[in-house]
Amino acid sequence: MRVIATVVLVLCVPASALACVDDDALAEAASVLALEGRVDDEALREALREVGTDLPSVRALEGDETSLARSLRRLAQEGDAPLVCGRASGARGTVALVAWRGGALELAEDTSLRVRLAAGFSEARVLMQDADGQTNDEPVRDGERLVVPDDLVRPVRVQLLARGPSGPRPVAERTIVDGGGAEGSMSDEARSLTNVASDEDLATRIAALRALAGVGELRDNRLLREAADEHAARICREGAVRHEVDGADPEVRLRRRGIVARVVGEVAARARDEDAAFDALLASPSHRAAIVDRRFTDVGVGVARVGRNLCVVADFAAWPRYAGR
């Protein structure tokens, strides 16, 4: 339980008047950040963990009423799902937490989960990754009730993926522990399982993670690297991590470059630096599964920075070849 020694006036602003839908958990987290007077990545993660949201990616905004309203309208137009938000004003300014809600994992008192999908999202599946790194992957339907198997070692990271207008992506995440649900990043637990050095570049960390998983080493592929660089720059410019752009998924984008392969995969993240980006990939069961997929033989890693955001993309392929454009 958080104890606050000082009294600060916090004004919660209804999101219904803005270009987003009210979200109680985000409003509560925004209040925590406004009271603390800081909105860095660590404070955001802690606030989200404390309030118990299942949103996998939340963005923090700060500014005056005019700039926040403008940012919210822009984000509502850019996303592939309804924009949800919570906002609070404290002594040092206004904080708005926003996310695109493509689905949900509703937590019951018995720690079972109910799958919910937003309009336009389908082909859902759930990945469960336990503390030993064991992963379950199964298709699910909207409204389906899930029970985390007893043989999975707690904590278990549960991730809901679904295909939306911008392609497949994680839409909800929860961490289940003995006796209840605990929300927030699992990066500390995930990192303890990998022992991957935090001062290496992303390509080296991917290689170390695959070695620990006992899968084959990947070849650095110049063409994949060029494709990853281009996509990293684009998602950083557009401010949204997505795998499908203008109707083209990673396989189509590589084919346009003349690259064909038996299997194609991609992981992407946006963060303040490569360390935070790798933590985000490591904590996501679907991204970790792609990184250690034993079918892949080649990889290309791209990195781009726009303003305060650093974007990373890793494109994977199984026995790629150049077929010409």
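Start by selecting helix H5 (residues 202-213) and helix H8 (residues 274-283): H5 passes H8 in a right-handed crossing. A crossing gets that label if the near helix is turned clockwise from the far one by less than a right angle, and is left-handed if the turn is anticlockwise. Before you go on, note that this is a predicted model, in which local features need pLDDT of at least 70, side-chain atom pairs count only at pLDDT 80 or more, and totals for chains, interfaces and linings use all residues. Residues are numbered from 1 along each chain as its sequence is written, and side-chain values use heavy atoms, with hydrogens and water left out.

**Stop 1: H5 and H8**

The axes of H5 and H8 are 10 Å apart, and the helices pack at an angle of about 30°. Axes here are lines fitted to C-alpha atoms, for helices over the stretch in contact, with angles from 0 to 180 degrees between N-to-C directions. H5 is therefore roughly parallel to H8 (under 35 degrees is roughly parallel, over 145 roughly antiparallel, 65 to 115 roughly perpendicular, and the rest oblique). Now show side chains: Leu202, Arg205, Ile206 and Leu209 of H5 touch Glu274, Asp275, Phe278, Leu281 and Leu282 of H8. Contact means heavy atoms within 4.5 Å. Colour the contact of H5 with H8 by class and you will find six nonpolar, no polar and three charged residues. For the colouring, Ala, Val, Leu, Ile, Met, Phe, Trp, Tyr, Cys and Pro are nonpolar, Asp, Glu, Lys and Arg are charged, and the others, Gly among them, are polar.

**Stop 2: H1 and H2**

Next, select helix H1 (residues 24-36) and helix H2 (residues 41-51), whose axes come within 9 Å and cross at roughly 135°. H1 and H2 are therefore oblique to each other, and H1 passes H2 in a right-handed crossing. Which residues of H1 meet H2? They are Ala25, Leu26, Glu28, Ala29, Val32, Leu33 and Glu36, and their partners in H2 are Ala43, Leu44, Ala47, Leu48, Glu50 and Val51. The contact of H1 with H2 has ten nonpolar, no polar and three charged residues.

**Stop 3: the disulfides**

How many disulfides does the structure hold? There are two, each a pair of cysteine sulfur atoms within 2.5 Å.

- Select Cys20 and Cys85, which form a disulfide with their sulfur atoms 1.9 Å apart. Cys20 is in the loop between strand E1 (11-12) and strand E2 (21-22), and Cys85 is in strand E4 (residues 83-90), 65 residues apart. Cys20 counts as buried at 8% relative accessibility, and Cys85 is buried at 2%. Buried means under 20% relative accessible area, exposed over 50%, and partly exposed in between, with a 1.4 Å probe and protein chains only.
- Then select Cys236 and Cys311, a disulfide with sulfur atoms 2.3 Å apart. Cys236 lies in helix H6 (residues 222-238) and Cys311 in strand E18 (residues 309-317), so the pair ties together parts 75 residues apart in sequence. Cys236 is buried at a relative accessible area of 4%, as is Cys311 at 0%.

Counting bonded cysteines along the chain, the pattern is 1-2, 3-4.

**Stop 4: zoom out**

Show the whole chain: it has nine helices and 19 strands. Helices (H or I, at least four residues) and strands (E, at least two) are DSSP runs, numbered from the N terminus. Of the 325 residues in the chain, 51% are buried.
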